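Dear colleague,

I am handing over the structure below, and my notes on what was found in it follow. Please read them alongside the coordinates.

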Amino acid sequence: MNRSIVTVILLIGLFYSLVVVASSVNAWRYPDEQQGYSPKQPIPYSHRLHAGELAINCKFCHFNSLESRHAGIPSTDVCMKCHKFVTSSYEVLKEELDLADKEKRKPKTIISDKLKKLYASLDLVDPQTPNPDAKPKSIEWVRVHNLPDFVCFDHSAHVTAGVACQKCHGPVESMEQVRQFESLSMGWCVKCHQESTENGINGKPVHAPRDCAVCHH
Amino acid sequence: MINEANKPESLHQANESGPPMDNATIPEKELFQLNRRRFLEAAGFTFSAVALSGCTRPDPELALPFAQLPEGVRPGRKLTYASSCVDFPSGCGMLVSVRDGRPLKMEGMPEHPLSKGGLNAIAQALPLGLYDSHRLKTPQKRGEQAEWEDVDDAILKTLASIKDSGGAVRVVTPTVTGPTLKESINTFLKQFKDGSHITFDAVSHSAILDAHEKTHGARVLPHYLLAKAKVIVSFGADFLGTWISPVEFTADWRTNRVPTEDDPQMSYHVQFEGRVSLTGGKADRRYRLAPDEFGTVLNHLYALLSEKAGRKVDASKLGESPIAEADLSTLAERLWNAKGESILLCDSQTVAVQVVVNAINHLLGNYGKTLDINKPSLQAQGNDREVLKLIDELKAGKIAALFVAGTDLTHNLPEHDQLAEAISKVRLVVSLNEREDDFTSLAHYACPDHHLLESWLDAEPVCGLVCLSQPLLQPLGNTRSILESFALWSGNKSTAYEIIRTSWEKNILTRSKSKSFRKFWDQSVHDGFVQVSAEAPKVSEFKADAVVLAPQAKSGEYCLSLYTKVGLTDSRHAHNPWLQEMPDPITKVTWDNYVSLSPATAEKLGVSDGDVVAVEAGDANIELPALVQRGQHDRVIAIALAYGVKGTDRFAKIGPQWLESRLTVAEGELVGKNAAPLIDVANGSLSLTRGDVAIARTDKRHELARTQEYHSMELPRNVAPHGGEYRDVVESTTLAAFKDDPEAGMHEKHFDTSVQLWPEDHPKKGHHWGMSIDLNLCTGCSACVVACQSENNVPVVGKDEVRRQREMHWMRIDRYIDGDDDDIQVSYQPMMCQHCDNAPCETVCPVLATTHSSEGLNEQVYNRCVGTRYCANNCPYKVRRFNWFNYAHEDSLVNLALNPDVTVRARGVMEKCSMCIQRIEEGKIDAKRRGVQVADGDIQTACQQSCPARAITFGDMNDSNSEVHKTEDNPRRYGVLEEFNFRQSVSYLRVVRNRDEQHSGKDGHGEHEDHEHSEVTPSNSNNIVNLDEKRTSETGGKHV
Amino acid sequence: MSKQLLLATFEHADDLLSATTVAREKGLRIVDAFTPYAVHGLDRAMGLRPSRLTWVCFTFAMIGVCGMLCFEHLVASVWWPIDIGGKPWNSLPSDVPVAFEAAVFLGAFSSVIALLIVSRLYPGKKSRTVPARVTDDQFILVIEKTDATFDTEAVEKMLLCHHAVDVEQYIEKNGEFQL
Amino acid sequence: MSETSPLRPALVTGDKSLGDITNDISAPMAGTPSPMWWAAFLIAFSALVLGVVAVTYQIATGIGTWGLNKTVGWAFDITNFVFWVGIGHAGTLISAVLFLFRQKWRTAVNRSAEAMTLFAVMCAGLFPLIHMGRPWLAFWMVPYPNERGSLWVNFKSPLLWDVFAISTYLSVSAVFWYIGLIPDFATIRDKARPGLRKTIFSILSFGWDGSARTWLRYETVYLLLAGLATPLVFSVHSIVSMDFATSVLPGWHTTIFPPYFVAGAIFSGLAMVLTLMLIARKTMRLEDYITIKHVERMCLLMLSMGCIVGLAYGTEFFIAAYGGNPFEQFVFMNRALGPMNWAYWTMVTCNVLIPQVLWFKSIRTSLPAVFVITIFVNIGMWFERFVIIVTSLHRDFLPSSWAHYVPSLVEIATLIGSFGLFFTLFLVFCRIAPAIAIAEVKDAANVKKREVLLEARNEPPQIIDTDPVPVNVDPSMGC
């Protein structure tokens, strides 16, 4: 009698454990340690394509990193600089143009599904035609690199000092979906600060302080 | 701290889903049958998984970029806008720093001609007023929420009928200096046959204007130019604290208060006053004088001066002077020698007295020199006669419509009930106040105005200087600018922006030289103020015949003196916890008003601090705790106004709630009691002083919350070694001594701090931040305290915690009162972390949570701190503050006021002044970005920035031409407890009192030892009594 | 292999002592003695060498001091020198207390662990089945019958006139005594 | 046997045999506890529960539930800490130091003294833990390799020295105590009938069989431990005193603190041992083992310590006056005459004045009197720490930040709770382990018995070492 109950409990326990573990195994990490975190984004934006293939400079979109503590996810209108016209992949557009030529009509704009969300955030149906009474709303990106609240990290300071973006963010230009490349642990920061003070950053001598209050205040 | 929070959360979730599963499958009966161990085994196994789940990631955090980035906005960067603090007629210039669309910090505007970069505590506290969930968010119709349309329709309908019937319409506001607002009120009133705008100042200076009407033929308030005054004589005018335009006056007063080695000159400041005011504390010579005796003394002074001027005054009419004749004649002498460079200020509601004041100022030829009446000040236009007339009209039911904006009429006037009853007779009562205050609750309609930071407004504090205030965020509620409201009721549907622009184009531009309005406007908005030609009423020559001697002092046993506190000059700010918890500069009491009595009077009544006394004046009476205040006149009973404000019971549960905690506000009570009922309306003015007052003790007690328990630098005699010890942590000297020897008054224990044990180990290359505070300039106004609180997210802890000596202010102002009661010397000392290079606190921290930076700062790392409190024990200055609880941060609206650059400290963590490290880092990074060196003055700490007296200097001590470096060889420089060689980075400049005797306050004790016993000892022992009572009441306090 | 043993039981420590001394003089092989408490002089009587555990203790104590001092030096002035109250990077005096405690700690634990190892004591070990009263009020002397020439009677007599209350013959099989 | 002499008075009275000793001492462990024990246990346990509740509430709510403030950052917490550490010391002192001096009379008390040390240090160790603002991060005090680059601990901080001192002290005294227990466990194991009890004790006794070889090593290690424990005691309380001595606070920053604290610790410890001994003697009928002699010696020790402590109080004032540091002068004036003088005078009365009556033999030998005095000393020593900590803090350098201190209910409950913990542990210990070191008592007692025996046979003792049996005797002829 008792044995059977115990086995029942054990089975439930086992099942439950398995469920919990299984659910957590893909997101396994030590507390506060998010290395390798790579959440799915609302728009499958490819850094590999933009930063890698098309070799767009990081700071072209993340210009905020030059002046502010936040690198800042670019606002939608930054995307629109190009995507006002680039509404779909090259092949598709090319095809449509040829077709249009053949049929002697002006090409109609083809909008890829991926980009629809982008235009939606600006409340636009057709990127070329502005919408006067538009109600723009933010795209809800998922934050990848997230430091604890008691750490004050200033992008502009590091960018002006000449630290390459890849030093902390890894080879983003090769990532289809952004992933936290480094551990971003305190030890990791301190190590870099010490090395930079000793060897300078690409030849230029720098003073990267190791005072606590530089990051913690 | 955030990610610490995550783990328990995920555990919690798991637990929720854990047990039910088991219970669900096993009927309880059987559950108990099987033996415990096996069950626990199983259960343990079940929950083992939960531990693992603790290692999973918290829910993903979203990042929302702008869809369209506004022009010039950079997320995470601070933007600064020029505005001005038009909530107060004094109209200080503000620079508001806005971060990601949130106005966070008010800063002084250095270019502003009046405030010159200073800002008072109340302006510093504006953000909390803005993000206040208790502000009226929508219009109201008889207390019910309503839509603007309905309210406006209703109001307009009634107004229309009033128009026809020709009923009287009154708009009551405090002093309005803004040309635009004035205009729109007037245009509104023009619609009616009998419409007038009544200016009501709770603390009015009506008498000054009336007096000038008598003597100069125009109802003007002179613009006092203290910068030009070498001799300042003030009769009860608290011009550094609360009187007319304190920030401006402080800035001016400062200019003549910095004696240097080469030019040891100082203005001479004499204060005659009943209660101890902040200004009295700074006076070189302070006389105790009951307010109702000002007249007599002024008569004498007038007589003495006119004698010098060659005119004899009949001495028989003068009456008996309470001040020694000799003192007065020397004072007259000094005044006479400083003709045209002297100034006489008087805070009296009696016109006759003010007339004598004008006469004296005229005799001294101060008009046109230190008093400007051609470009007069507009900072106080209150007219008591009109207010009293209004009251009569109301009572007579002659008023058809009453509009009140910016003041709680019924709260600030006596005879509340009759007034309320009278108001109920009015057909249309509209309140434009921001909150549900006493008057609003009587009004038919509430049409809440925007908060200052949400609205377009302008101000003209002094003729010819027009200031602009611009909105810094979208209104948080469905409120409406007062400009729009009046415009709309005058049939004009334009927005505040349009209204102000048109009015400026019409009125202000014409007074300026510039042609293009666009340029003029943009420039004005950018600067926040503009100087244009003055349009002032014509003043006549001085009418000598108007001068009659002031009436004799009426001799009641006591003299009531109502005043407002530095932090709470106006009932509108009673809802601001920062201001409520800001210790009063003199009494150091928070969260309460009280009856302050002189030690002698207290002894006579047999009361001590916290004993409730009943004060009766006319037919009004009020019960408040007593507070024994050294240096107060024995006849004077001082009570602060602007307390007992409706709705302040909201603070009952502010601060931590636990086993032994007591409410900040007792059930069904308010913060303090309203003293307005005691205002005397007898002699045609709203007089804040009256003689017909009685006081009696009750057997109740009401524990006051003071941040300082012991008030003198002289140690209690019963425990002081050698029968008496004087700890001159605030060093002082006299000007006479200073002239002979700039080092005079120096603490004998000073020694050469260049001696170091391990000089090589910690070289301070690069920056070495340091601060220097000129105690001669510090007025104790506490603007820095609130500035620091706002900059550094310092929590409000509530009355009970303050009572337990657990206030969290990083910056406090120590106040010591020494000397004889007839001539007390008050010393203020801003005290914050001294950032010692040999810091005792650092050595003792086991986990390296507090260390020393390479730039000489004492760093506190909150996230490393485990809270042993050893550092606080070992801190000689007791400037470290411990988070005894998790202080409330659940009000998401108030949290908008939090500075994102500063960590919000969790429970169990030590904190303290960081010298605004976030500003230092920002400054350094900015410089790096611009590729330049950090220049002196680029980085300013919050306290330094706000200081109206510019007493605080901060900078790099290694930078040989920085201000702070220069102070190092200032002869007045000293460090507190320097003899311990903590090597503080904060130094102080010695107080110099403009007195002729050679000894500073401290030697004074040494000298007349004999009468010192009679004078000082009672008040000292008195302090000890207080301490002991503190203890007993702490223990017995629970059932109070 | 098994040993032939004689177990002599005594009531008093002194008898045990004298018996042991004699037995040893006679050149009998004394396997061991069992006593309820540490009988002083028994080691001399049995001719046991003083224990070398003191050296273990000393060595580890020294390791503790030196190790801790080095560690403190590295932490305070090499790995991450942090300015603490303007004190010198490496202030020896402040390192002393911790180093001392480390010495005591290692010294104590090393010697105790060594004791348990050398005398094979560990939780749950079954004790040899000597008559249980040795831990209470009896003293036992164990003598090995070395060879045929071993004169059992004589030895028994000798033991008895040292007030041995009882002499029995045992066989030892891998550390266990059996009748 | 060198240390035995017929002149020595009996350490174990009532002419016991070894068997009797075993039975007497292990008696309280077998059988059901006496009602007196139950009463004591219930009181202690309910106190413990109270304490647990208080601490739980405090940790859940915040340190604010204590009466501390911005000026007085330590009060009951550290007072209790120092107090309990002090209590702990006499234990080690008695068992280790007296062992080194071959004081056989210690055998009556050393076991309970060691246990007391253990429990007292447990109580002590609790307070530094719960006095932290964030106790759940206490492990940061331990230097462990970490991902902070790598950030260790501050070896310059006296608090860290404490962490090491206390943990070492706790573990070493635990080992010392257990090693002492092993042979006794074996005794109990062998007396026990087969069953749970036997198995438990055979596990605990590590398979001890009383082999002479093991005894030899055992004695060596025991000596080593005693040798290590002795300096440890002194170091621990010196380090505790450095928490104060190395600070800058007048009243704390005092060079005489290390010896002063050690003396105080021994003083309080002796008092506590005596209190417990007297209770144990009564409740567990150990009159024959804890004799008046023991009590009187302890009293003499206590008296001398009391005088040393008194001297220390005097010295503090003298140095303050003589050193001429106005801050220090003020602090001591304030102690004696200030708002908290009641605490100071309680301390002086209990620690210096009352113990003086121990000069009289009549009082030393009257158990009730001694009991009362020990209680007073315990109270006095608690107040000593309170006075040192609070009166120095509440009025220090800047008059502006002077403040008062009043304990909160939670604090008081915590103090009571610590006593609850201590006595609960102690009473349980009396039940599950021999309260007196059986083996050692036998050693001490047996010497005496032999002499009695010899007198009975009227044989001169010296013949013991010579051999009664002639060598090479013919086996046929007996003796």
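As the model is predicted, local features need pLDDT of at least 70 and side-chain atom pairs count only at pLDDT 80 or more, whereas totals for chains, interfaces and linings use all residues. Residues are numbered from 1 along each chain as its sequence is written, while chains are lettered from A and ligands numbered from 1 in the order in which they are written.

Chain C also meets chain D, in a contact that takes 67 residues from chain C and 61 residues from chain D (two residues are in contact if their C-beta atoms, placed from the backbone, lie within 7 Å). On the chain C side, the elements that each supply at least two residues include α1 (13–25), β2 (29–34), α3 (53–79) and α4 (92–118), where helices (H or I, at least four residues) and strands (E, at least two) are DSSP runs numbered from the N terminus. The largest share of that side, 16 residues, comes from α4(C). By class, the side of chain C that touches chain D has 37 nonpolar, 15 polar and 15 charged residues, with Ala, Val, Leu, Ile, Met, Phe, Trp, Tyr, Cys and Pro counted as nonpolar, Asp, Glu, Lys and Arg as charged, and the others, Gly among them, as polar.

The contact between chain B and chain C takes 13 residues from chain B and eight residues from chain C. On the chain B side, α26 (840–844) and β34 (850–852) each supply at least two residues, and the largest share, three residues, comes from α26(B). That side of chain B has four nonpolar, five polar and four charged residues.

Chain A has nine helices and one strand, which run α-α-α-α-α-α-β-α-α-α from the N terminus on. Its radius of gyration is 24 Å, well over the 17 Å that the globule rule gives for 217 residues, so chain A is more spread out than a compact globule; the radius is taken over C-alpha atoms, and the rule is 2.2 Å times the number of residues to the power 0.38. Along its principal axes, the C-alpha trace of chain A spans about 80 × 70 × 35 Å.

Best regards
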